Each structure stands twice: as structure tokens, then as C-alpha cells.
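Please keep the sequence and the structure in view while reading.

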Amino acid sequence: MINHASQMVRGINSPNYSSGICAAAAASAATKELLLSSSSKEICIRSLSDNSISYLSVIKSSDVMSMGVSVSYETAPMPGLPVILVTVSQIEINDIPEEAVMDLNYVGLYMMPGVGIGMATVTTEGFYNNKPAISKQSQELIMRAVADVCRAADTVPILLISISIKQGTYTKTAMDTKAGVVYGGSIWGAGYIVDLVSDIDIVENIFRDMKRQHTIGVRNAILFPGFKNEKYLQNQFKIQVTEKINCNNYLGAALDLAAYVGMDSVLIAGNVGKLIRLASGVMVTSSRIADSKKEVIATHLALCGGQSSQLRAVLGANNINEILRLLVKWGLMKNVMASISQEVEKHLKERIGGNMKYAVVMFSDEYGVVLKTSMAEDIVMKVTREQFSLSTNAKLK
């Protein structure tokens, strides 16, 4: 198991919420923290009847889940409803429990009942006899909420969603009676959906984190536009990352905000397949917005003397790893990446302006560091010293 985060949630001033929408809101908040590094205090939900919006509040909890290291969130329960705890875990394919269920509409998402969920003894209103008492409608709400955060994060991880009822908060409901639930409570109902994650939500979270880091003394920010980046930096440069900005796909906005709060420099580190789009001036790195990596590499391969057959091979490749292997095979990796590096620097200079310095380091799982811009060594050194200082201060406190 890699990591996971948990959320508990309750409704605010509404008698019409169900345990199903509470669970979906909790799942959304947990997944945001897991994939977007976004800590939520409330989750926006939308009524299916009149499209009005309401909010469910969430706060951090000291509760510790039984599955590895976790982060928990909870609120006081609503009248008539239990407190719902949802744990969203990023797992490997071999870690999927036998009791977990999946929905073919949501690839990579698995759900399982946790503590406090009863068993249905009849088939009715989305419940199934001899199955955990989580209704089909509620499963759909929860899966949809988690899948939307995955969409915003531009990733397709394997996630395990565990639904529990906090001990001591269960009260019998009419829905429990209809489903004939025994030995626990049920998750039921619809009426609302969790509102979609917006671009504004993500950018505002980047801004809050940028301001916080500047306040505690960070002047050389680390920008991560994807996942696995912390591992790359640690393995390649021995940087023990204490503070970083997970800017997701909003690299351009993160650069603007770093300059606005007064950062001296930024180190942009990530997978070559995502960051190579910078060479075409693309600052929103989601593959749903633009996926120009083949065209970028083919262009610079041509500038480095590549033959037409080689260009066709690059454009016909299935993924970035295949392309890199071809460049290595032809002995052109170094020249092509040097050409791309110059173009990346040109676009970043146009975007940033001013006095803030910048560097980009691109990694590959197979080849390690494949591209470094001209100021990379200097900025990596500054980041290394600053991160060490931040780590030391944190330990002293």
C-alpha cells in the first residue's frame, strides 16, 4: 500500500441529507488530499431537484485507521445520521481485498465496507440480500465523487475506498428497517451530488500553500506538476523534500503565483512526458488540454538532423518511454534534449519575466534525469540547502 487519507463529514443545517451524500463528500475530500494535496474544510454539494448548493463541513480528526498510516477528518453528526468515515487508499493491484467491489464505469476504483456497516437481509431500494448495506445509489455517488477528483488530478490510480460508521454514532433509520440491516447501519440515499472540482479550487489551493511557504521562509520553491516527483528528486539529487507545491497541471498559474508572493527561484521537477510540453509553450499540462510531446520531440529531432523515417517512428510511438528508447538507440538523446531545453527556457522566460529565477529538471523512470535547463545545478543547490534547513527547524520544533 502506498498511502491514504480519510475524511469524516456531516451536513450543515439540513434535515434532507442522507448518509450516502455524506459518504460521497467524505470520499471527495479524502481523494483531494491524496491526489491534489488539498486540505478541505467543507465540500460543496448540489441538489438534484433544484440545482441549489449546500456545504458539508470537514475538520481534521485524531482518529487513526487500522490500515497503515492515515489522515482522518470528522465533524459532529447530524440529527438522525451517523458520522461516516471514508478512507481512500492508493494501492497496488495485488493489494485489492477480495471483499472489494468495482464498477466498470469507474476503472481503477474499488469499494469495501468497513467498521459499522451492516448486512442487508432483503433486496430493496438499491440494497441486495446478503450484501453489505451500501446502496447502489450511494456507491454511484461515492465513485463519481472520487472519479471527478482523479479527473482533476489527471491521473488514473488504483484506489480503495473504505466506508465505515464511527462507533457510537449509529441510529436506526427507516432505510435500515426497509433493508432489514443487521449488525450495523446502512449507507443510503441520493438527492444530492458532490459538485465537480473546479480549476479555481485547485489554483486557490496552490495560492494558499504558496503564501504559507513564503511566510515560513521558503524562497526557493519546488513545483511538482505530477506524481512520483519527490522520489525522483530524492534519488537523483539526494534532496529530502520538506516543503513543496503540488501544482497538479496548473504550472503556469503556479509560476505566476510564485512570482507574486516573492519567491527568489522555482525548481520545476517532473516526468518528461508531462513537462516536455513546456517546449511548445503549454503551461497547463493536462493531457486533456494538450498532448504535444510527440510533436515537440519530432520537431527537435528534425532540427538535430533526424531522418524522415525517424520522425515517423517518433510520431507513431505509443508512449514517451518508446520515444526515449528510440533516441538512445539512434544516439540522439543528448542533442535532442539540449535543443528542447533551450525552447523550454525561452517559453519560461516569456511567462515569468522579472527577476525570479527558474530551472526545470525532467525525469524518466528508465533513464533518470533526461533534461536540465541551464540554471538547474545552481537552483538545485539552493533548494537542497533550504530544504535541509526547513527539515532541521521542523525537527527542533
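Is Arg212 buried, partly exposed or exposed? This is a predicted model, in which local features need pLDDT of at least 70 and side-chain atom pairs count only at pLDDT 80 or more, whereas totals for chains, interfaces and linings use all residues. Residues are numbered from 1 along each chain as its sequence is written, and side-chain values use heavy atoms, with hydrogens and water left out. Arg212 counts as partly exposed, at 36% relative accessibility. In this scheme, buried means under 20% relative accessible area, exposed means over 50%, and partly exposed lies in between (1.4 Å probe, protein chains only).

Side chains of opposite charge can pair when their charged atoms come close. A salt bridge is taken here as a side-chain nitrogen of Lys or Arg within 4 Å of a carboxyl oxygen of Asp or Glu, and by this rule the count comes to 14 salt bridges. One of them joins Arg212 to Asp209, with 2.8 Å between the closest N and O atoms. Both residues belong to helix H4 (residues 199-215), and because they are three residues apart there, about one helical turn separates them. Helices (H or I, at least four residues) and strands (E, at least two) are DSSP runs, numbered from the N terminus. Asp209 and Arg212 are also linked with Glu243 in a network of salt bridges.

Other salt bridges connect separate parts of the chain. Lys244 pairs with Glu230, the closest N and O atoms being 3.5 Å apart. This pair links distant parts of the chain, 14 residues apart: Glu230 is in helix H5, and Lys244 is in the loop between helix H5 (229-237) and strand E12 (245-246). Lys244 is partly exposed at 30% relative accessibility, and Glu230 is partly exposed at 27%. A further salt bridge is formed by the side chains of Glu366 and Arg325, at 3.0 Å from N to O. Glu366 lies in the loop between strand E14 (357-364) and strand E15 (368-372), while Arg325 is in helix H10 (residues 320-330), so this pair ties together parts that are 41 residues apart in sequence. Glu366 counts as partly exposed at 41% relative accessibility, and Arg325 is partly exposed with a relative accessible area of 39%.

Helix H10 also takes part in helix packing. The axes of helix H9 (residues 308-315) and H10 come within 9 Å and cross at roughly 155°. Such axes are lines fitted to C-alpha atoms, for helices over the stretch in contact, and the angles run from 0 to 180 degrees between N-to-C directions. H9 and H10 are therefore roughly antiparallel to each other; angles under 35 degrees count as roughly parallel, over 145 as roughly antiparallel, 65 to 115 as roughly perpendicular and the rest as oblique. The axes of helix H8 (residues 293-303) and helix H11 (residues 333-352) likewise come within 9 Å, crossing at roughly 115°. This angle makes H8 roughly perpendicular to H11. Ala338, which is in helix H11, is partly exposed, with a relative accessible area of 41%. The C-alpha atoms of Ala338 and Leu311 are separated by 17 Å, and the two residues are 27 residues apart along the chain.

Most residues other than glycine have a negative phi, and most peptide bonds are trans. Asn130 has a positive phi of about 65° although it is not a glycine. Asn130 sits in the loop between strand E8 (109-113) and helix H2 (136-153), and it is exposed, with a relative accessible area of 59%. Asn248, also a residue other than glycine, has a positive phi near 55°. Its place is in the loop between E12 and helix H6 (251-261), where Asn248 counts as buried at 3% relative accessibility.

Tyr183 is found in the loop between helix H3 (174-179) and strand E10 (192-194), and Tyr183 is exposed, with a relative accessible area of 81%.
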